[in-house]
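Good morning, and thank you for coming. Please look at the chain on the screen, and I shall then go through its parts in turn.

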Amino acid sequence: MLLNDLAEQSGPKGAYGVERNTEVVSVEQSAHYVIVTLRHEDGAQEVVHARYLIAADGASSFVRKTLGLEFDGATYADPLFVADVDMTWPLDRDKFYAQVPRQGMLTFFPMRGDGYSDRQYRFIGRIPASWEDKEELTGDDIQSLLDDHSVVDAKINRTGWVSKYRIHRRMTKQFRVGRIFLVGDAAHIHSPAGGQGMNTGIQDAWNLAWKVALVVKGQADEKLLESYEPERMPVAKAVLNGSDKGFSFIGSPNSVFHLLRSALLPRLTDIASRENVGKGIFKFLSQTWIGYRKSPAVDGDKNAKKVRPGDRAPFAHFNSGESIFSLLRGVDHHLLLFVENSGDSEVERARAKSLLTTYAFKTHVYVIDPAERSLRGVYGVVTPTAFFIRPDGHIAWRGEINRHNLASYLDRFYTRRKRCRGAGSGYTADFSRGRRLGFRA
Ligand SMILES: Cc1cc2nc3c(=O)[nH]c(=O)nc-3n(C[C@H](O)[C@H](O)[C@H](O)COP(=O)(O)OP(=O)(O)OC[C@H]3O[C@@H](n4cnc5c(N)ncnc54)[C@H](O)[C@@H]3O)c2cc1C
């Protein structure tokens, strides 16, 4: 889906685009370039010199192997199956169901979309030990599993496909080697418990993409790229550990785990339905807990009581009811200026403009009126405060409104216009939204 979108937006030939049925067959790097050999569908080979290579080539990553990086970790002992079935059963189709019988785990995902019937489910579970030697599984096997273990009557009408697979918990010790970066499953894989794998990979890519784009355009220093690994590796480790614990608890056929599950899960689901616990679970699963406070690329008021550099800019509403996130969209940077007096707005905006026009990357500046009390509360603002927010929504710098402090931060990572090729406008202000949202831009 993402690749299709990207392919549709392809730039002029040679600028960027998606080349399908093209394989990376060799990778080398020098001090200045990565040299990649591509084999096209017709067998023709092409050598590409690139400043950087982002390897998103999955768990069996050719690039990772070429770099000689170990994929440390283990394979779970118990194999799983996945089956797409047309199934009749009495439960609500708007919900995901999981059962945790002695056999290990059965999960049912209702499927929707083109080509699916309104009884279509994806069914994932642990393969019983007695089946481990079976070469292939059939719909009849899956039906017998349901007959033996499901707590509701379920009848498979038709089986689309059934597949056996093993899952792993593995991670590389480096997410970067020279000019080559690893993202997604190429760098870390974990159990599907919690549905975190693809999300973590997409966030790796988003963390890295804007940094590489600015460096390649000459708008930021290469030093910015040094933050990728220290920011993303702790996240991958935490996701790996969390999903490992979850999977071991839910999926294991071990009798101790089974007893614990039987005793604890009914209570846990009850507790999880309480609002504050539900919010915590949402925070974990949605990955909104992720922060980069220890990143070498964030700075400013690191002792702020609330909302420190590296944190994700928090969700909050303007007095009008509109979300702050409606401003923080897109691929540019944002500067929020929480002023003390409405009368300061124009002068602070002008100062920010005069600073930011000296840089080539684009920043949207918003002056937040002191009447926006709820927003100030969420952002922990008690004195005039500025937040410089990165394209990925994390706070790069927080400090008092003082352009010299902000400039000294920016000069460590971003390039001033005179040193930069192809500079565009470094500053925009969105006046129409400012008026609509009740703050001054
Ligand atoms: C049963 C199951 C359920 C899951 N459920 C979830 C879920 O609910 N939520 C979630 O977030 N994640 C889930 N995941 C994990 C998720 O599927 C993966 O984390 C995600 O697909 C990884 O994306 P990726 O782009 O890093 O790698 P991949 O999806 O593996 O893509 C790698 C791509 O690189 C290409 N490639 C490989 N080698 C080369 C080469 N030499 N040259 C050119 N191209 C190459 C491949 O063809 C492929 O297109 C699940 C995984 C499993 C197994």
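Let me begin with a definition: helices (H or I, at least four residues) and strands (E, at least two) are DSSP runs, numbered from the N terminus. What you see is a predicted model, in which local features need pLDDT of at least 70, side-chain atom pairs count only at pLDDT 80 or more, and totals for chains, interfaces and linings use all residues. Residues are numbered from 1 along each chain as its sequence is written, and side-chain values use heavy atoms, with hydrogens and water left out.

With that convention, the chain has 11 helices and 20 strands. Of its 441 residues, 44% count as buried, where buried means under 20% relative accessible area, exposed over 50%, and partly exposed in between (1.4 Å probe, protein chains only). The chain exposes about 22800 Å², and carbon and sulfur atoms supply 53% of that area. Accessible areas come from the Shrake-Rupley method with a 1.4 Å probe; for residues, only the protein chains shown count as cover. Contact means heavy atoms within 4.5 Å. Among contacts between residues at least 6 apart in sequence, 66% join residues at least 24 apart.

Most residues other than glycine have a negative phi. V307, in the loop between β15 and β16, has a positive phi near 55°. N21, in the loop between α1 (2-8) and β1, also has a positive phi, near 50°. Are these two residues buried or exposed? V307 is buried, with a relative accessible area of 9%, whereas N21 is exposed, at 53%.

Next, the ligand. Which residues come nearest to the ligand? Of the 16 residues around it, they are V24, Y165, D185, M198 and N199; a residue is near a molecule if one of its heavy atoms lies within 4 Å of it. By class, this shell has 6 nonpolar, 7 polar and 3 charged residues. Here Ala, Val, Leu, Ile, Met, Phe, Trp, Tyr, Cys and Pro count as nonpolar, Asp, Glu, Lys and Arg as charged, and the others, Gly among them, as polar. Strand β1 (23-29) and helix α4 (197-216) each supply at least two residues of the shell, and α4 gives the most, with 3 residues.

A polar backbone atom of V24 is 2.9 Å from a nitrogen atom of the ligand. Oxygen atoms of the ligand lie 3.4 Å from a backbone N or O atom of G197 and 3.0 Å from a polar backbone atom of N199. The protein covers 53% of the 1000 Å² of accessible area that the ligand has on its own.

Let us move to helix α10 (residues 403-413). Its residues L406, A407, Y409, L410 and F413 are buried. Seen down the axis of α10, these buried residues fall within an arc of 165°, so they line one face of the helix; the arc is that of the directions from the helix axis to the C-beta atoms. Their cover includes β15 (299-300), β16 (333-338), α8 (345-356), β18 (385-389) and β19 (395-400). At the start of α10, a side-chain oxygen of N402 reaches to within 2.8 Å of the backbone nitrogen of H404.

A297 lies in the loop between α7 (275-286) and β15 and is buried, with a relative accessible area of 1%. The C-alpha atoms of A297 and R412 are separated by 8.8 Å, although the two residues are 115 apart along the chain.

S227, in the loop between α4 and α5 (228-251), counts as buried at 0% relative accessibility. Which side chain does the side chain of S227 meet in a polar contact? The partner is the side chain of K211, at 2.8 Å.

F181 is buried, with a relative accessible area of 0%, and it touches residues including Y52, F175, L208 and Y228. F181 and V63 are 118 residues apart in sequence and 9.5 Å apart in space, C-alpha to C-alpha.

Conventions: A polar contact is a pair of N or O atoms within 3.5 Å; within protein, one must be able to donate a hydrogen and the other to accept it, and residues adjacent in sequence count only if both atoms are side-chain atoms. Lists of a residue's contacts leave out its neighbours within four places in sequence.
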